[in-house]
Amino acid sequence: MTSLPSRIESVDTAAEMAAEFVKAGGHGDEFAYAIDLAVRESIANAVKHGNKFDENKNVDLTLSESEGNVEILVRDHGAGFSPEEIPDPTDPENLLKASGRGILFMRSFMDVVEWENAEDGGVIVRMRKGS
Amino acid sequence: MSDITISERQAGDVTILDLSGKVTIGEGSVALRNAIRKLLGDGKNKIVLNLGNVGYIDSSGIGELVSSFTAVKKEGGTLKLLHLTQKIQDLLAITKLLTVFDTFDDEASALSSFD
């Protein structure tokens, strides 16, 4: 697990780590793009919406691979979150909103995206993609 | 160093912004916002965004395209997109934003669409 500060720069740091991880696993470009996008969007959400840029709180990233499935765990230390509360960005009334599409991208490019509220606070997003 | 460069060209009363690099959370999105704001401040509201050399865009960058579109429209102008890469096209399809933007594969068609 790597702990990253709650700054926008952590998005690039996490993406670089993910790129190295995927490269070491011998995955192709399309797979790498999906992992990259999912990591970027989830870290950005954790920094912005989870930890609300509080530099006293870290974002934790864990990358693992088992039997061809890459799993990404991203944890923030914020107040909790329910994905059902996020408006559908493809709903006509939300199409012109400036934000709210990150989760849609995560769901579109990964096979599994799940959230849980951690017992000791914060949200864990767990994403998985098979090669 | 910024991950994005934006250069401006004029074709009649249409302004073309050639974007190159990444339009992502942070600098890339802010640079695009500032460029659009400057054009509108100069009274230029017929705008084409050339995305052919944008290698990467995230949800923040897509959001900035939408914000740019609405900001230009609010000033009575139009913003159109040129040379979508396959990745950008896919993301605009996922978000159903292909129904919002006018998109073009060649510059001449984009420019003549303002006539």
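Visitor: At what angle do H2(A) and H3(A) pack, and how far apart are their axes?

Guide: Two packed helices are described by the angle between their axes and the distance between the axes. This is a predicted model, in which local features need pLDDT of at least 70, side-chain atom pairs count only at pLDDT 80 or more, and totals for chains, interfaces and linings use all residues. Residues are numbered from 1 along each chain as its sequence is written, and chains are lettered from A and ligands numbered from 1 in the order in which they are written. Here H2(A) and H3(A) pack at about 150°, and their axes are 9 Å apart. Axes are lines fitted to C-alpha atoms, for helices over the stretch in contact, and angles run from 0 to 180 degrees between N-to-C directions. Helices (H or I, at least four residues) are DSSP runs, numbered from the N terminus.

Visitor: How are H2(A) and H3(A) oriented to each other?

Guide: Angles over 145 degrees count as roughly antiparallel, and H2(A) and H3(A) are therefore roughly antiparallel.

Visitor: Which residues of H3(A) make the contact with H2(A)?

Guide: Two residues are in contact if their C-beta atoms, placed from the backbone, lie within 7 Å. H3(A) contributes Gly102(A), Phe105(A), Met106(A) and Phe109(A), while the residues from H2(A) include Leu37(A) and Glu41(A).

Visitor: How many residues of chain A are in contact with chain B?

Guide: Chain A has 17 residues in contact with 15 residues of chain B. H2 (29-50) and H3 (102-109) of chain A each supply at least two residues of the side of chain A that touches chain B.

Definitions and conventions:
Parallel < 35°, antiparallel > 145°, perpendicular 65-115°, else oblique.
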